[in-house]
Amino acid sequence: MKIIQIECTLLETPLPAPLRPAWAPGRVFTHSSCTLLQVHTDEGITGIGAGPEVGMLGIHTISELLAPYILGMDPFMVERIAPYIRTAARDGSYPWALDMALWDIIGKTTGQPVYRLWGGYQNRIPVYASMAEVTEASEQIARLQQLRDHGFKAFKLRLRRPDIRDDIRLVEQVRAALGDEIDLMVDGNQAHVMPSPQPSGYWTYEQALTVARAMEQLNVLWLEEPLPRYNYKQLARLADAVDIPIAGGELNIGLHEYKLLIDMDCYDIIQADAAFSEGISQLRKVASMAELAYKKFIPHTWSNGIGLGANLHLAASLPNCPWFEFPVDPPAWTIESRDFMLTQPFDIDEDGSITVSDIPGLGLRIDADAITRYSKEHWQSDRLAV
Ligand SMILES: [Mg+2]
């Protein structure tokens, strides 16, 4: 089998309401977007992958840094292709979608869903609704009640208020309003923010410790990204000082960076994302390192429906992944706006779990009309002769 053509398309669709995510303080997003990758083979099978939208940098990464070297290669030779993806990440941005597309091809060719090819562990995973915005308590509680009515039983809240006492009070108010039967996680988003009007300002170790102890009292399941990404020693000290699990790693890159995080016990839960770091199959190595250290691996999934679908196969193949992140924060970030490129958006089951499809490959049904309608930029390589 041979890769004979690669297509890269920037997709963008308006959001139903403006989104002000905690990870881009002061910034307002009006669109849902993604960088769609389609990899065609000489046997007529096409693999799908996607990364976050990074404008023309996304196309440059595929067209100049990857395609010239990948065209003509056998898509089953994933480990041989991996170094090309890694080097493209250095000079470009988010090439990991290619690893998704390769496994989509392998699954479609062999007639198996990807998680089963890897030796599956579970086909249903409990979900937590992953919120985006830092809101007033009354608004936060109203949104949680709406999501609970939809069937969600667990929720991740954003803590990034100027004063940590207000973050703690918010969680207290949510607990008081919704009781102990819901599961709660919290994310400090202190490891990294996107380019934004307020790109700096992080908790000190002492502030992180105060928040962690308060969350422990409120029976919160984990505290995510309490300190800057490369503050390894204080992360390890914090994880050792408290009983609440400390989570993170969503934007680390490099197998050895994850090895360091695991070896140093910076995090109890590793949250690498197949769209942001290393790719779907390389992250299985990270998940195995975590498993050997008796840590959880619960992938970050905040990109788009394709990224979510790829991470779902990764999660379903792991014995150390007890939760699945489900990004949703209406009115801005709805299931439909997140999965606008799919004919069938991902949703949860009645019991608050997500079921992995047994459709071969990554099981993604691409909406061809939506791709045409929302295409902002498109590039395709020449087609190799079969
Ligand atoms: Mg996070």
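Q: Which residues is Phe 297 in contact with, leaving aside its neighbours within four places in sequence?
A: In this predicted model, Phe 297 is in contact with Ile 270, Ala 272, Leu 283, Val 286, Ala 287, Ala 290, Leu 314, Leu 318, Asn 320 and Cys 321. Contact here means heavy atoms within 4.5 Å.

Q: What makes the largest nonpolar core lie between domain 1 and domain 2?
A: That core has 114 residues, and Val 171, Met 215, Phe 297 and Phe 326 touch the most other members. Domain 1 (3-112 + 364-380) and domain 2 (116-355) both contribute residues, so the core sits between them.

Q: Why is Asp 104 called buried?
A: The cut-off for buried is under 20% relative accessible area. Asp 104 comes in at 2%, so buried it is.

Q: And why does Lys 108 count as partly exposed?
A: Partly exposed runs between the buried limit of 20% and the exposed limit of 50%. Lys 108 has 31% relative accessibility, so that's the label it gets.

Q: What makes Asp 104 and Lys 108 a salt bridge?
A: The rule asks for a side-chain nitrogen within 4 Å of a carboxyl oxygen. Here N to O is 2.8 Å, so the pair qualifies. Both sit in helix H3, 4 residues apart, which is about one helical turn.

Q: How do you know that Asp 187, Glu 224 and Glu 250 coordinate the magnesium ion?
A: A donor atom has to be within 2.8 Å of this metal. Asp 187 (OD), Glu 224 (OE) and Glu 250 (OE) are at 2.1 to 2.2 Å, so they pass. Asp 187 and Glu 224 also belong to a salt-bridge network with Lys 156, Arg 158 and Glu 325.

Note on methods
Residues are numbered from 1 along each chain as its sequence is written. This is a predicted model: local features need pLDDT of at least 70, side-chain atom pairs count only at pLDDT 80 or more; totals for chains, interfaces and linings use all residues. Side-chain values use heavy atoms; hydrogens and water are left out. Donors are N, O and S atoms within 2.8 Å of the metal (3.2 Å for Na, K and Ca); water is not among the atoms, so sites may look incomplete. A nonpolar core is a set of buried Ala, Val, Leu, Ile, Met, Phe, Trp, Tyr and Cys residues joined through side-chain atoms within 4.5 Å. Buried means under 20% relative accessible area, exposed over 50%, partly exposed in between (1.4 Å probe, protein chains only). Domain bounds come from an automatic or database domain assignment. Helices (H or I, at least four residues) and strands (E, at least two) are DSSP runs, numbered from the N terminus.
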